[in-house]
Amino acid sequence: MAYALQQLINGLTLGAVYGLIAIGYTMVYGIIGMINFAHGDIFMVSAFIAVTAFTLLAAFDITSLPLALTAVLITAIFFTSAYGWAVERMAYRPLRGSTRLAPLISAIGMSIFLQNMVQLTQGARVKPIPPVLEGGIEIWQSGGFTVQISWTQIMIVVVTIALMVGFTWLITQTAFGRQQRACEQDSTMTALLGINVDRTISATFMLGAALAAVAGVMVTVYYGVVDFFIGFVAGIKAFTAAVLGGIGSLPGAMLGGLIIGLIEAFWAAYLSPEYKDVATFAILILVLMFRPSGLLGRPEVEKV
Amino acid sequence: MSAATLLSVESLTMRFGGLTAIDDLSVSVPAGKITAIIGPNGAGKTTFFNCLTGFYKPTTGSVRLVHPRKGEMRLETMTGHRVARDAQVVRTFQNIRLFPKMTVLENLIVAQHNFLQKASGFSLAGIFRLPSYRTAEAAALKKAAHWLERLGLTDIADVAAGDLPYGTQRRIEIARALCVDPVLLCLDEPAAGLNPRESAELNTLLLSLCREEGIAILLIEHDMSVVMNVSDHICVLNYGRKIAEGTPEEIRNDPQVIKAYLGEDDEETASGEKAA
Amino acid sequence: MLHMEGVHAHYGHIHALRGVDVTVQVGEIVTLIGANGAGKSTLMMSLFGKPGASSGRIVFDGEDITRVPSHLISRRGIAIVPEGRRIFPRMTVLENLLMGTAFADPANFNADIKRVYAMFPILEERASQRAGTLSGGEQQMLAIGRALMSRPKLLLLDEPSLGLAPIYIKRIFQIVRELNTEHGMTVLLVEQNAHHALRVAHRGYVLQHGEIVLAGTGQELLASEEVRAAYLEGGH
Amino acid sequence: DLTVAIAGPMTGQYASAGDQIRRGAEMAIADINAKGGVLGQKLKLEVGDDACDPKQAVSVANTMVNKKIVFMHGHWCSSSTIPASEVYAEADIPMATVSTNPQVTERGLKNIFRIMGRDDQQGMVAGGYIADKFKGKKVAVLDDKSAYGKGLADEMAKAMTAKGLKPTLRESITAGEKDYSGIVTKLKQAGVEVLAYGGYHTEVALILRQAQQAGLKLTVMGGDTMTNSELVTAAGAAADNVMFTFSPDPRKNPDAAPIVKRFRDAKVEPEGYVMYAYAAMQLFADAATQAKSTKYADLEKTLRGGNFKTVIGDLAFDAKGDQKQPGFVVYQWKGGQYDYAAK
Amino acid sequence: MSAVIIARHARTPAERFKDAAWVAFIALLLGIPMVGLTTVDEGGALTVQTRFGMLGAFVGASFVGRFIFRWIIDMVRNRRAAKPAVAKADRTPQAVKVIGWAVLGASIALPIVFSDNRYVIDTATTVLIYVMLGWGLNVVVGLAGLLDLGYVAFYAVGAYTYALLFSHFGWTFWEALLVAGAMAAAFGILLGYPILRLRGDYLAIVTLGFGEIIRVILVNWTELSNGPNGIGSIPRPTLFGLPFERNPAEGTQSFATFFGLEFSGMHRIVFLYYLILVLALLTNVFVARLRKLPVGRAWEALREDEIACKAMGMNVTNVKLSAFAIGAMLGGFAGVFFAARQGFISPESFTFTESATILAIVVLGGMGSQLGVVLAALVLVLLPELGRNFSEYRMLLFGTAMVLIMVWKPGGLLASREPTIRLKQAAIKGGEA
Ligand SMILES: Nc1ncnc2c1ncn2[C@@H]1O[C@H](COP(=O)(O)OP(=O)(O)OP(=O)(O)O)[C@@H](O)[C@H]1O
Ligand SMILES: Nc1ncnc2c1ncn2[C@@H]1O[C@H](COP(=O)(O)OP(=O)(O)OP(=O)(O)O)[C@@H](O)[C@H]1O
Ligand SMILES: [Mg+2]
Ligand SMILES: [Mg+2]
């Protein structure tokens, strides 16, 4: 029982991390109608920025945790947004209006570029930072097994939920969110209504990158180790999460992330860890068979 | 009704959540005639088509087709492509749905897919270009050429359909539907976007399809110059219910129809029609 | 108010406008008629630079807007009901209407939406339905409503009566007239239904193969033999 | 000039290993050339990047054949070495590899020489050590599903069981992930104290970190990949509990001391594969000198029969091409350095 | 939506300067965390190192690069605008034909010209494998418009089917070829079935997941696939039973002994090359003919409008499944060849990156264009190969090139679509007959 509870906590945290990246995916999806393959790598870039920032702060002896964390978050968001902007400008904007698949390929190219750029400029070695936020709460003890939840885990879940709520509000309730969705549905018409499509898309990419930046910082704090390859795995898992929950739906992305996190945790805990990815994808396929637009995605009714 | 009934719809209902788009509707469509379905916007006309042609599964009700060769069929139980393939009830769409990057001719050839696919021995005969397939292809081409000619599309046969003007696309859609060999042709606002002259040409076409080829036509249309001139029978819907039924003359003067659909002061339309 | 001079436009290799001159004065209703593919819709869209004029000049309110980016055009007071409606299918009716107000004064919102709902009561009924599931005619009403939400100085209507029931067609032309007389809105109208169009219009142009071949007042065009033969009469 | 080559993952996930190989080889070539080269000819180094992708490995091999190399050191991943070696075999190019998969030398190819131990030998030493040292403790055997990791883990488990210590858990993880809290919790639940791990250091670092957070103290036994000092950087103090098997440390070889110093002066820590790459080049130079030829037949014969002094100690090969005295030793990390573990 | 490029007014030097300054500013922003700063590992802990010189160089290079680039682009554009736009549309089909024959001629001549360069021939073989894969995926993505990110699964199925048939039953290449193709097709249907209702990105992720499932199973199901160790010693194809070996088994002949040639590794390489060339050409003819058959047209129609297809009485399910099955089958054939050529296969050869590369070939080729796939495969395989000289910069350049090519030709290298049937031609033919 205690064991199951601990695995539940593990799964939820992992799920929250996936969800956080998936929200970024879904944001960007909401505007270009296409998965942004470079998103995982933007996340990776932000993790590196976080490592550099943490190390710098340590060098300046800034030890106050809230201060350091805020400073790192701001730095990461700032620079990562610039990366989000640049990716859109280089790999997406020139392809506006071409086939849907063209930006997919240029984004894959971008992803390869970013990965190798980081490898070259920051080195192929893993980058560790010392534990930032240590300790946690012991929830329960049974049969010599202590169930723990660390502060970092709590922080990740709280931040993720807060961001999800905030961004859901932004997308569904504000004029900006509306304009964003309009760009995806018919960018020409959106422009005819006086909305600067390019700027809206850029802004969305920057927001998506900002979300990736938060995820990057959280992951850096949580795992303490980053390398230039983390974007790939995280990207695919988050992509899966976004789709499972229904692309375009932020709560869906969150839910998808949590489900995948839980499947991974429990499959690995009670069944075979080898096949946990198979389980994840098999469940994805099953869900999509019955709900072709994901769990919370609005079914695409096409009126003829 | 003198002619045999081709299609009879009985107490058809279609609900979307709380919204009842079609409410206990019964209609019968005679063979070899043109039946028009009219009614205000949102009355449920397109939804009615969708229920007939397997795009929606009606909430309740039955749709029976008496196919001249294959006997009675229940359309509401048939899904998607079966209605077109087996029952040969073919439709066009209110929002044109062509294969935009394919040429006009290709659009018409694709419509003969089932015939050609069989002739190609599910590609086996086709891949080796056996004579049996070649003759079938020639036949399909001939049919396509025939309808292209009838609809005045021959000159643009090799142009991508999506690049053509709206009015032309409407005709292509009709030609494509005709290539499926319909026993019942369901046209959803075929005259939308046509100018009066083109509408008049459409009238001629519809009449000849019906009179010469014996194709029954079910027509949704807001252009009274078309509806009143070609229909043998008109059925008026409002809020998913049938509010009137009869010949064009009866409908034109039905006070309920005037109130809900045609509009009270008929001066403008009337003169427009006269001119048309 | 609007002045187009020798405007050419292309779609790839298709030359859709071949030197069009069109003028619309403040407070006028001007209609464009022409056969299928004559370039009527292209002309309207070229005001917004989609496709852009490859040569020629477009002046609006005394300003050259030939090269102004699309999104800045509507902010100068032009609104369009485009061909094919182009509503946002996955947004609700209300959200679609809100999209029309991106640069309008929020203070006018209540009045504007009331006006639109008064014109098309069905839109109010369906305010939270997804626009993509509306019937064809309802979508057309929505497109018109959306254009009106921004209180444009110049309203471009590309076949507004398409797919509407006769009773609504009458309403639309009535509304056009009303907007014009009561609110001083200038209107450029494309219609297949040339009778209606020419009757409400002060002036009209006939477009053929991307060129203006005839211009005159509504009455003149209505009376013109060529126009009658080509666009008004349908030989039985 | 004589062209010799190295090949390995210069890009991609395992690029840090490729980097080590390159640095070692470059230094060796410079040293050899400074002493006048081999048989009076200067050596020229070609670098091939296979990114650990078997298909690219073959492509690299073909490039190298075209460049008329006389000796190859590589590839690094067993799955690259295996297909690539066939190309070298056909083109009569001798090769020295550090790939540890038994298959590498089990296919009857004559041109391949392994200057590193095999997974099975390594696993035997590691497994035996665990069985002796941690008798009665709960041991989990874990691998990362790579050819290398799985082979090693299987051998460790076999050796332990043979000596009477049955693993409590036998699991696999997916390399490249970041979250191993699931498996850590599982280890904690099972009361595991010792982890026998087949795989790369990156994952070990993460497991250790996460174990520490979960309040689980683990001793890890791994293979040669644990030599990478990234492990210490990433795992911090927890790395002190990591043991691994490796050939006798070349850095401890008194003969190698000057070279170790030269590396350190050049800001390269001669860890992991650096010294091996250096040794591979020495091996070639020595063999060519002994054979007085760089012809394949002569080289092959010399390599198979001879004894060669290198920075990693003396090398001699058996009929299959495996090193005669692989001599794996168990090491332990302590305060950022590794040293022989207590017997 | 295509629009002619509007002849912009020429930029003034000041404007160019401003533009370049803006780019330099962005470069500075991007460069600070990545170029300007780096962390190095010193004694087990990280410290930050600054590289302001490098950052300066990077920003400066961006400035100058942008300035010159813009200038050249403007010059080219002005020149283009000055020239009257010629209708290229009519010329394209002929040009395609000419290029097509030229490529074919070159590929036949290649082993003769480079008869002793195994690298060139071997790389060309790789190109041809990708061409074949590209043509297979083109059926699914280019023609049927179904986004498939897990195509590599079928490639793997083909390769493993051969490897297993050989290792368990001793089947030869030729015997296994058809069975493996059928097996892959069956997997295609297996994948196609549950995802019939899915669209766009949902399809993409499920196919991606399917590719991963196959790979993970190959890694873990050791009893079947020998796990990560892979399967080795897969025999090479023979020429009518003549193997390409130095020392043929007792009492048999090898290619070299049969023809009285001295053994050379090149024989096999050249043979493999011609073998894949023949397979690829067969694939080409096969796909080109399919495209002109009802199925082919149905695929394209499906890509254009699924609902209209239904309204025409087309069984959309079957059309989709046939696209998946045929695409998968071609992938399977390529897989068999791959296994035979490598002689060793392991799950590492069948990763997502592979799927992405094949997809890139299809898109870059210009969705649906057969010759486009050839050109794209050439570009995407040769680029990283040429990049070998840049060692660690190789993939960086590859990624950059991928973005640049896509931006340069968003529709793909050969984007024009040739109708499958023409009224005029048909009429003429009909008239003659
Ligand atoms: N999928 C759907 N979901 C919800 N409501 C729908 C759906 N399809 C249609 N409706 C509603 O049902 C009603 C009938 O629509 P339908 O398209 O049948 O009207 P119509 O008679 O064709 O009108 P028009 O003449 O304007 O085309 C409309 O009010 C529409 O909003
Ligand atoms: N997106 C496009 N791509 C290519 N050609 C186009 C495109 N849109 C229109 N055309 C072509 O441009 C010409 C003018 O078309 P346009 O739509 O402006 O005509 P229209 O007068 O509005 O016709 P309709 O009455 O059918 O609406 C036509 O020949 C048409 O084929
Ligand atoms: Mg309708
Ligand atoms: Mg138009």
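1. In which helix of chain A does A:Thr220 lie? A:Thr220 belongs to helix 8 of chain A, which covers residues 197–223, where helices (H or I, at least four residues) and strands (E, at least two) are DSSP runs numbered from the N terminus. The model is a predicted one, in which local features need pLDDT of at least 70 and side-chain atom pairs count only at pLDDT 80 or more, whereas totals for chains, interfaces and linings use all residues. Residues are numbered from 1 along each chain as its sequence is written, chains are lettered from A and ligands numbered from 1 in the order in which they are written, and side-chain values use heavy atoms, with hydrogens and water left out.

2. With a relative accessibility of 0%, A:Thr220 counts as buried, a class that means under 20% relative accessible area, as against over 50% for exposed and partly exposed in between (1.4 Å probe, protein chains only). Leaving aside residues up to four places away in sequence, A:Thr220 touches A:Ala47, A:Ala50, A:Val51, A:Ile129, A:Val225 and A:Val226, a contact being heavy atoms within 4.5 Å.

3. Chain A as a whole contains 11 helices and 4 strands. Its radius of gyration, 20 Å, is close to the 19 Å that the globule rule gives for 304 residues, so chain A is as compact as a globular protein of that length; the radius is taken over C-alpha atoms, and the rule is 2.2 Å times the number of residues to the power 0.38. Buried residues make up 67% of the 304 residues in chain A, and of the contacts with a separation of 6 or more, 75% are between residues 24 or more positions apart.

4. As to how the chains meet, 8 pairs of chains touch, and the pair with the most contacts is A and E. Chains B and D do not touch, their nearest C-alpha atoms being 34 Å apart, and chains C and D do not touch either, with a corresponding distance of 37 Å.

5. Ligand 1 is surrounded by residues from chains A, B and C, so its site is shared between chains. The shell holds 23 residues, of which A:Lys303, B:Thr46, B:Thr47, C:Arg126 and C:Gly137 come nearest, a residue being near if one of its heavy atoms lies within 4 Å. Oxygen atoms of ligand 1 are found 2.9 Å from a side-chain N or O atom of B:Asn41, 2.8 Å from a polar backbone atom of B:Gly44 and 2.7 Å from a backbone N or O atom of B:Lys45. Taken alone, ligand 1 exposes 630 Å², and the protein buries 95% of that, with accessible areas coming from the Shrake-Rupley method with a 1.4 Å probe and, for residues, only the protein chains shown counting as cover.

6. Ligand 2 is surrounded by residues from chains B and C, so this site too is shared between chains. Its 19 surrounding residues have B:Asp163, C:Asn36, C:Ser41, C:Thr42 and C:Glu83 as the closest. Taken alone, ligand 2 exposes 630 Å², of which the protein buries 83%. Helix 1 of chain C gives the largest share of the shell around ligand 2, namely 3 residues.

How values were computed: Polar contact = N/O pair within 3.5 Å; in protein donor to acceptor, adjacent residues only side chain to side chain.
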